[in-house]
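Colleague: I would like to learn how to read a model like this one. Can we go feature by feature, with the general idea before the case?

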Amino acid sequence: MENSEGVKIESTVVTEEPLISALDIALFVVIITVAYFWYFKRDKQSSSSEKKPYTIQPSSLSSIEQTSNSSFIKKLKSTGRSLVVFYGSQTGTAEEFAGRIAKEGARYKMKGMVADPEECDMADLVEMKEIQKSLAIFCIATYGEGDPTDNAMDFYEWLQNGDADLEGLNYAVFGLGNKTYEHYNEIAIYIDQRLEELGATRVHEIGLGDDDANIEDDFVSWKEKLWESVCSHYGIEETGEESNIRQYKLVDCSEVLPERIFSGEISRLKSYENQRFPFDVKNPYLSKIAVNRELHKSGDRSCMHIEFDIDGSKMRYDTGDHVAVYPKNSSELVDKIGELLNADLDAVFSLLNTDEESSKKHPFPCPCTYRTALTYYLDITSNPRTHIMKELIEYASDPKDQEKLKLMASSTPEGKKEFHEWILRDNRNIVHILEDLPSVKPDLDHLCELLPRLQCRYYSISSSPKVYPKSIHITAVLVNYTTSTNRVNKGVATNLLAQLIPTNDELPQPTIPIYIRRSQFRLPPKSQTPIIMIGPGTGLAPFRGFIQERDYARKEGREIGEMVLYFGCRKKDEDFIYENELQEYVANGTLTKLHLAFSRDQPEKKYVTHLLEQNADELWNIIGEKSGHLYVCGDARSMAKDVHSIIVKVAMEKGQMTNSQVLNYVKKMEQQKRYSADVWS
């Protein structure tokens, strides 16, 4: 006998064929090996799945969801639907609008569904023509400097790069934008035009919502005309009276084990106890507050310098990026809702989507307590929209309260005026409404369904990773103001941050969930390139990081270009933030020039834009003759627009250009990232 790979029998008497050949044994070994590894891998996967953290799963998964989550066409066909509403949303408003349209579709014999384009194969739009009387509606927000929202980016690029034949696709578009920004509703306008270019049929003209004015009014007005166009296009009629149909059903979770109940996590259960990299919008990092100090020297306002500790998190940021902070509502407001509705805030519940085909099974992480939902997941401080007024009507026992809600929910001129004055002008939130209309007692689970999600707040990072690789700095003004009803409204995030004061090393430090959002607001690649920075108030924040980075390069012995900063505030002795730092940068040569405007230190108000006009020669020398970069950070409504006008005027005068030439010149500056804005409304 030789080796185990084969059997060879020798005999001096006779030689016979072996009962088992070498090939048979080899095949047997292969089969055993494959079977062993298959069993081992399956067992390993089974074991690992048992160790995974608990997540809420749908109560039932349809065969469609199991076979193709991305095929919205299959879902439409299998459920007899003809309406799909896609949303491109960064803050949740576009998603909310999409849900309202899909819900109303039933009144027009069009059963609808809401879809996230990021989760769909948008190439399936070519198959919409196979569904009788089908319609695709797009609620699309424009974000940043004319960019698509994160979840609409792939769809936008598909439209740009593809050449699909969309003949037979019926569509309509509603855009969400802000007129204070230069690229107002740019993405929605592009999608509307591009769909037509690819052969699709526009059922109703594009709607453009302006968040700087009254986007709710814009949406409602467009939506009413949309359904008129839909009825005309398809030859259908409205089925009758509106009915408030619940999208989610209440599930009692009183028997759920405590370790399976969400307590404020954004997505993954126990994510704050077991932190895992990478950290993003659905998995924020629980950062310690390392520093929280006051920047204002006097006065009745507050501006905080806050440092988030990211040591050990593996998080990296670039100068000019933003940090997102996840806030929570004040316990005072949450308790007030429980008191007004006589509800047990510590009861554990879940809201489950009545549409089994929807990929969104819950409006927020469930199960949880009502207290958790109202504290961490729901926006209870913003002005409620008209559809919430409409849904509250059935809960009003006083006829006067009913009539007031009906009026504000209507689209009549009187109704719009009442909504604008009573809700928007007087700045009422849901707590104020329940206080001022005492007979309105909605079911708390229904209220939780109606209220929008509490969104994270973004802040420009005011530090450089070259200087502070283990921390992120922000500069934030505390938001507190008194309304016309003599109530004090408080900023959700800044008032929370104001309470998070680090203590001595022996006690646990306060923490808050954060993540980093990338920005296009960047220093020039070459440190020798001259730059002008315009940032009044907290608009100084990203420029503090810019200056730190250039100062770091200077100390390393590298050549740095001119750095000119325009900073303005009310009074030098009150709110000149980072004064000592800035003066030191001027003294060591990092900051070439510091132009200061203190608006209330003299009889006539003086702003940074006045100084910019006065220094037209310097402005043109840097951006026109030296091809430098210009940056603006701060208020979009007036300051940023004024800066743009000044640049146009200076380029026309100093560069001797015509109006069309100067507009092309400024446009080219923007395209080359030589003119960048990080502004807010």
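Colleague: Does D335 count as buried, exposed or partly exposed?

Modeller: Buried means under 20% relative accessible area, exposed over 50%, and partly exposed in between, with a 1.4 Å probe and protein chains only. D335 has a relative accessibility of 38%, so it counts as partly exposed. The model is a predicted one, in which local features need pLDDT of at least 70 and side-chain atom pairs count only at pLDDT 80 or more, while totals for chains, interfaces and linings use all residues. Residues are numbered from 1 along each chain as its sequence is written, and side-chain values use heavy atoms, with hydrogens and water left out.

Colleague: Where does D335 lie, and which residues does it touch?

Modeller: Helices (DSSP runs of H or I, at least four residues) and strands (runs of E, at least two) are numbered from the N terminus. D335 is part of helix α8, residues 331-340. A contact means heavy atoms within 4.5 Å. Leaving aside residues up to four places away in sequence, D335 touches L345 and R371. D335 and R371 are 36 residues apart in sequence, and their C-alpha atoms are 8.1 Å apart.

Colleague: What share of the chain's contacts joins residues 24 or more positions apart?

Modeller: Such pairs account for 75% of the contacts with a separation of 6 or more. The chain has 22 helices and 23 strands, and 50% of its 681 residues are buried. Its accessible surface, by the Shrake-Rupley method with a 1.4 Å probe, comes to about 33900 Å², and 49% of that belongs to carbon and sulfur atoms.

Colleague: What span should helix α21 have?

Modeller: The expected span is 1.5 Å times one less than the number of residues. For the 16 residues of α21 (639-654) that gives 22 Å, and the end C-alpha atoms are 22 Å apart, which agrees.

Colleague: Which residues of α21 are buried, and what covers them?

Modeller: An α-helix has 3.6 residues a turn, so residues three or four places apart point the same way. In α21 the buried residues are M639, A640, V643, I646, I647, V648, V650 and A651. Their cover includes the helices α19 (608-614), α20 (616-625) and α22 (659-671), along with the strands β19 (531-534), β22 (629-635) and β23 (675-680).

Colleague: What should I look for in the backbone angles?

Modeller: Most residues other than glycine have a negative phi, and most peptide bonds are trans. Just after α21, Q656 takes a positive phi of about 50°. N486 has a positive phi near 65°; it sits in the loop between β16 (480-482) and β17 (488-490). At 67% relative accessible area, N486 is exposed.

Colleague: Which peptide bonds are cis?

Modeller: One of them runs from F277 to P278, with omega near 5°. P278 lies in the loop between β8 (248-252) and β9 (285-294), and K270, in that loop too, has a positive phi of about 65°. Another cis bond joins C366 and P367, with omega about 0°.

Colleague: How many cavities of 30 Å³ or more does a search of the whole structure find?

Modeller: On a 1 Å grid over the protein atoms alone, a cavity is a set of points where a 1.4 Å probe fits but cannot get out; a pocket is an open set with protein on both sides within 12 Å along at least five of seven lines, and lining residues have an atom within 4 Å of a point. The search finds two such cavities. The largest cavity holds about 80 Å³ of space, and its lining includes N214, E216, D217 and K416. Helix α7 (215-234) and helix α12 (413-425) each give two or more residues to that lining.

Colleague: What lines the second largest pocket?

Modeller: Its lining has 14 residues, of which K328, Y376, T511, I512 and P513 lie nearest the centre. Strand β18 (511-517) gives the largest share, three residues. The volume of the second largest pocket is about 270 Å³, where grid points are joined across faces, edges and corners and the volume is the space filled by probe spheres set on them.
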